[in-house]
Every structure is written in C-alpha cells, then in structure tokens.
Amino acid sequence: MELKNIRIEKFKKARDVSLDLGRVNYLVGGNNSGKSSILQAIHCSITAAQSQVRNEGATVLAEESLIYAPSSDFSLLGYRRPFENRADGHRAKITFSGEADDGAESTYSIQLYKGRNNKNVGIERSGRVGGFGLHIYSNLTPFSVFVPGLAGVSHFEEFKTEAYVFRRIAGGESNLYLRNVLLILKENGQLNQLTSLLRELFPELKLLVNFESKRDLYIDVKVQTDNTATMIPIDLVGTGVLQAIQIFAYATLANPTLLLLDEPDSHLHPSNQTLLSKAFEILTERTGTKIILATHSRHLINAAPEDAKFFWVDNGTIKQNDNSELIKLLMEIGILDDADSIIYDNNSLIIATEDEKSNPLRILIKKATNREFNIIKLKGVTNSEIAQKIFEQLIPYIPGNPKFIFHRDRDFMTDDEVNNWKERFESDDIRCFVTAGSDVESYYLNLEHLAEISNLAEADITNFINDILQENADEIRSKFRNKRQDINLKFHRDGGGPHTNDLLAINDLTTNHAVGKFLIKKIRANSAEALGIHIDPICPSNIELAPDLRELIDSIFENN
C-alpha cells in the first residue's frame with residue numbers, strides 16, 4: 001500500500017486542501033493560515049476511524065471514546081461553523097488516495113459530523129477496504145503519529161503499559177512518554193536499530209535505558225553524545241539531539257505511514273534546525289515513513305531534501321505547491337506572511353517598503369489610487385545593490401505581471417543624491433518611490449490636513465509646530481547630522497558632497513529638517529495640552545498628501 005494524496009475538506013481552518021505527497025512534505029504559510037488544521041484533520045480522521053472500529057463499528061460515538069480530538073467540543077471543528085447532523089449538512093471529509101497492496105488505484109474517505117445527541121460524534125467511512133482502508137483504520141499499528149511540539153521532556157517518567165503508551169501516542173501526547181517508548185524499544189530488541197539511525201547524525205551517540213519493575217518507579221534513560229562526554233539524563237540533552245531521538249524513536253516503534261510534526265523547529269538553534277532536516281531525510285529513506293510538517297523556519301526549508309514537497313497554505317487552501325524556489329526565497333527574505341495576501345494581476349501594485357509599520361504608507365496609497373495593491377515589508381533594505389538582487393530573484397516567480405514599486409525614505413538626501421540612488425536601482429520591472437520629506441510620516445505634517453482633522457486654524461497649528469521645532473532644536477539638528485553622515489559615507493566617500501551646515505538652517509528650522517516620525521510623536525504627546533484637542537496625524541482626510549506618489553503610480557500604468 002502506498003499513500004499518494006490526502007484531501008481535507010471543511011476541518012477547522014482547512015477549507016479545501018489537496019496534498020500530493022512526497023517523502024518529506026513542508027507546510028508553510030502565515031499564522032492562522034491552516035497549517036496545523038491540516039495536520040490535526042489527518043490525525044483526527046484516522047484515529048476517529050480507529051475509534052469506530054474499537055467500538056464495533058458504531059456510526060455514532062461519545063466524544064470521550066475518541067482516541068484524539070484537538071478540541072473538547074468536537075462539533076466546533078467544522079470550517080467556519082459547527083458540524084451539523086444532517087446528511088447534507090456541514091461535515092468534514094478527509095480522503096486518502098494511493099495504491100492498494102495489489103497496485104490498484106484506491107481511495108478511502110472518512111466523514112466527521114455532529115451526532116444527534118450532545119457530545120456525540122458521527123463517523124462515516126467509504127472506499128476500498130482490503131489492502132488500503134484496512135491499513136488506515138487498523139488498531140494493530142498506528143497509521144499516523146502526531147507530534148504537536150517537540151519542546152522537551154519531563155524530568156521524570158513513570159512506567160506505563162505498552163497498550164497505554166500506544167494509546168497516549170495516538171492521542172497526540174508523544175512528548176510525555178519518550179522514556180516509555182525507549183523502554184519498549186529495548187524490550188522489543190529495537191534499541192540497536194534506533195541507535196543505528198541516530199548514529200548517522202551523531203556517530204558516537206549511545207543510549208542507556210534501565211528499568212526494574214520490582215525496584216523502580218521511574219524509567220532511567222541516559223545519553224552519551226560522544227566518547228569524551230559522560231552519560232547524562234535525557235532531559236539534560238541538547239535540543240538538537242533530543243529532537244532527533246524523539247522523532248526516530250516514535251518512527252522506529254510505530255513504523256507509521258505518516259509522521260505529522262507541528263513546528264518541530266520551535267526553540268531550536270538554526271544549526272540544529274538544519275540537523276533536523278537531515279534527520280527527516282534519513283528517516284524516510286530507512287523506514288518508508290512519509291513526513292508532513294508545518295514550519296515557519298527558513299533554515300529548515302533551506303536544508304530540505306532535494307525531492308521535498310512544499311505546500312504554501314493560505315486561508316485554508318493551497319496557494320502554491322509547485323514552486324519550491326519561490327517559497328524558499330520568500331521565507332529567506334522574510335516576506336512569506338505578507339505574500340499570503342498578494343493579488344497577482346496586470347492591474348495591481350506590489351509595493352515593497354523598508355518600514356516595519358506600513359499603515360502610514362497604506363493610507364497614502366489608498367488616497368493616491370483606486371487600484372488593488374499589496375505591501376510587503378523588507379525591513380532595512382535601503383542598499384540599492386542588495387535590494388535589487390532580491391527583486392531580481394523575486395520578480396521572475398511572481399505571476400500576473402503586477403507593477404512593482406520599492407519605497408525608501410529620503411532621510412535628508414538631496415535631489416541629486418536621490419536621482420543617483422534611483423539610477424542604480426530602477427529598471428523596467430522596478431520603480432522607486434522616495435519620499436519628498438524625510439520619511440512617509442512627514443506627509444502627514446501638511447497644514448491643511450492637520451487643520452481638517454482637528455477643526456483648528458492653520459495659523460494655530462503652525463505656531464504649535466514651530467514651538468515643537470524650537471523646543472527640540474538640538475535633538476532635531478543632531479538627528480539631521482547623523483543622517484547626513486550616513487549619506488555622505490554612501491554617496492561621497494571621497495568627498496565632494498554638500499556641507500551639512502549648508503543644508504541645515506542654523507536659525508530657521510522647518511519640518512523639512514526634522515524626522516517626520518519624531519514630529520508626529522511630539523504632536524500626539526503635546527497637542528491636547530497646547531491646543532485643547534488630541535491630534536493623531538496618521539489618519540485619512542480629504543487632502544491629497546502625496547501627489548508625487550499618485551503621479552508615479554499613474555505614470556507606471558500609462559506606460560504599460
């Protein structure tokens with residue numbers, strides 16, 4: 001029997017997901033995109049079928065009869081609304097497809113729904129049983145092992161019977177019974193098999209498992225990672241080694257068809273994440289187990305086996321499943337979460353910004369155009385050469401030919417310096433938006449805008465801002481000089497640039513000499529006391545704040 005595809009419909013955040021499986025399968029995407037729901041749906045459906053068989057095939061079970069459920073109220077596991085009891089009502093359906101033992105293409109489906117009575121679960125199964133479905137719902141060996149997190153193990157672990165351990169592992173409590181698993185492996189003569197697997201990663205590793213039922217309450221497991229180290233308790237072992245022991249131990253014990261891992265990279269150093277990815281490759285080669293894991297780790301992704309499958313999960317569906325290079329690139333530059341919501345078509349804009357907080361820019365764009373747009377954040381990318389290399393890699397993978405704009409703050413550059421920077425950066429695919437003032441926030445210092453949102457006279461606001469400038473003159477000049485020093489290093493390393501004092505008014509400071517973010521903060525803090533009304537400049541108004549941005553966007557679409 002070979003499992004080739006799993007389809008999940010209407011379970012938690014998974015709306016409709018189809019996974020064509022490889023040996024190692026990575027689920028990536030933003031928070032709440034549905035990655036964990038996919039893993040939970042797979043394991044919940046399999047264990048629900050096993051629970052049904054244990055209860056002599058009863059169509060409806062009490063919730064407490066389930067081996068595993070990711071919620072105390074099973075009915076709430078439906079996509080966007082609770083499960084229903086009707087045959088045509090809201091149900092989850094998980095379908096497994098592949099080759100049966102005789103090589104024939106086969107499917108087996110499990111439907112989950114609400115029982116008629118409170119706290120009852122309905123389960124319906126259909127499809128080929130012999131040589132296929134029987135493997136899925138068999139209670140003899142787990143078809144799937146679900147590990148919701150590999151953060152560590154307890155300091156002590158009492159002995160439990162083998163049946164109890166298998167039941168708890170099937171219930172998603174793998175971390176709590178690692179020592180029991182290792183003891184079972186020892187008693188079954190499989191500890192050497194596990195050690196052999198682990199030594200492909202850690203050549204000198206040794207495992208020592210001791211338990212005497214007439215004497216001991218707790219199972220004792222010690223680990224030696226190399227010949228120079230002493231044996232130490234397993235709870236003191238480094239997380240990289242511990243992760244590998246856990247994963248290999250569960251796979252050796254259960255030999256599952258599927259190993260489901262939810263963010264196994266959590267709390268791991270990048271070097272250990274790379275090691276973990278190597279462990280996946282070894283495990284699937286040696287055992288035939290297929291791995292499906294959810295991750296946010298670019299280190300894990302970059303170290304993935306060459307034949308690994310990548311599934312970009314977005315809003316409960318698969319956004320991309322055939323473009324591993326794009327997924328790797330988006331994770332490497334840290335914009336996968338932003339890219340989840342990108343609209344790809346000829347009439348849309350993708351605007352990359354160096355600003356961590358994108359709302360000020362977003363308001364300006366909405367005022368400047370009615371077109372669809374997307375903002376992706378590339379914090380700190382103001383170096384034109386670095387940014388250009390990123391975009392040169394990114395643009396070929398973006399479908400739909402949207403227009404691409406890169407935003408950077410002016411930071412007190414002169415017009416000549418701005419044009420020099422643009423010449424290095426702009427191309428047929430990329431246009432640049434460099435702010436007219438020091439930063440995006442400086443647009444919100446427009447007097448008409450401030451007067452409209454406050455219902456105050458422009459003269460009163462002018463006097464208020466002038467007071468802020470004079471009261472903070474030393475700090476404003478210091479920030480200006482620091483910015484100019486950075487600019488001179490980038491553009492005038494051999495000299496020849498304008499003198500800072502020629503650009504910085506000695507006795508007549510204006511908003512053009514101040515960082516916009518700084519002045520916005522002062523206006524928010526002081527406006528209530530000085531003007532009798534609290535003013536937050538970062539908000540929409542009827543005033544066009546950034547005509548230069550509108551003109552740039554219009555010109556891009558006029559020329560295309």
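How many helices and how many strands are there in the protein? The model, which is predicted, contains 19 helices and 19 strands. Of the 560 residues in the protein, 52% are buried.

**Overall organisation**
- Among contacts between residues at least 6 apart in sequence, 70% join residues at least 24 apart.
- The protein exposes about 25,400 Å², and 44% of this area is supplied by carbon and sulfur atoms.

- In soluble globular proteins, nonpolar side chains tend to be buried together.
- The largest nonpolar core comprises 57 residues, and those with the most contacts inside it are Tyr26, Leu182, Phe248 and Phe280.
- Helix 6 (residues 239–254) contributes eleven residues, the largest share of this core.
- Leucine 182 touches Leu191, Leu194, Val209, Val221, Ile234, Ile245 and Ala249, when residues up to four places away in sequence are not counted.

**Strand 8 and its pairing**
- Strand 8 (residues 144–147) is covered on both faces.
- Ser144 and Phe146 are buried on one side of strand 8, while Val145 and Val147 are buried on the other.
- In a regular strand, side chains alternate between the two faces of the sheet.
- Strand 8 runs parallel to strand 12 (residues 258–262), and four bridges join the two.
- Phenylalanine 146, one of the buried residues of strand 8, has leucine 260 as its bridge partner in strand 12.

Terms used: Residues numbered from 1 in each chain as written. Predicted model: local features only at pLDDT ≥ 70, side-chain atom pairs only at ≥ 80, totals over all residues. Heavy atoms only, no water. Buried < 20%, exposed > 50% of the residue type's maximum accessible area, 1.4 Å probe, protein only. Pairing = 2+ DSSP bridges. Contact = heavy atoms within 4.5 Å. Areas by Shrake-Rupley, 256 points an atom, 1.4 Å probe, with all protein chains shown as cover. Core = buried A, V, L, I, M, F, W, Y, C linked by side-chain atoms within 4.5 Å.
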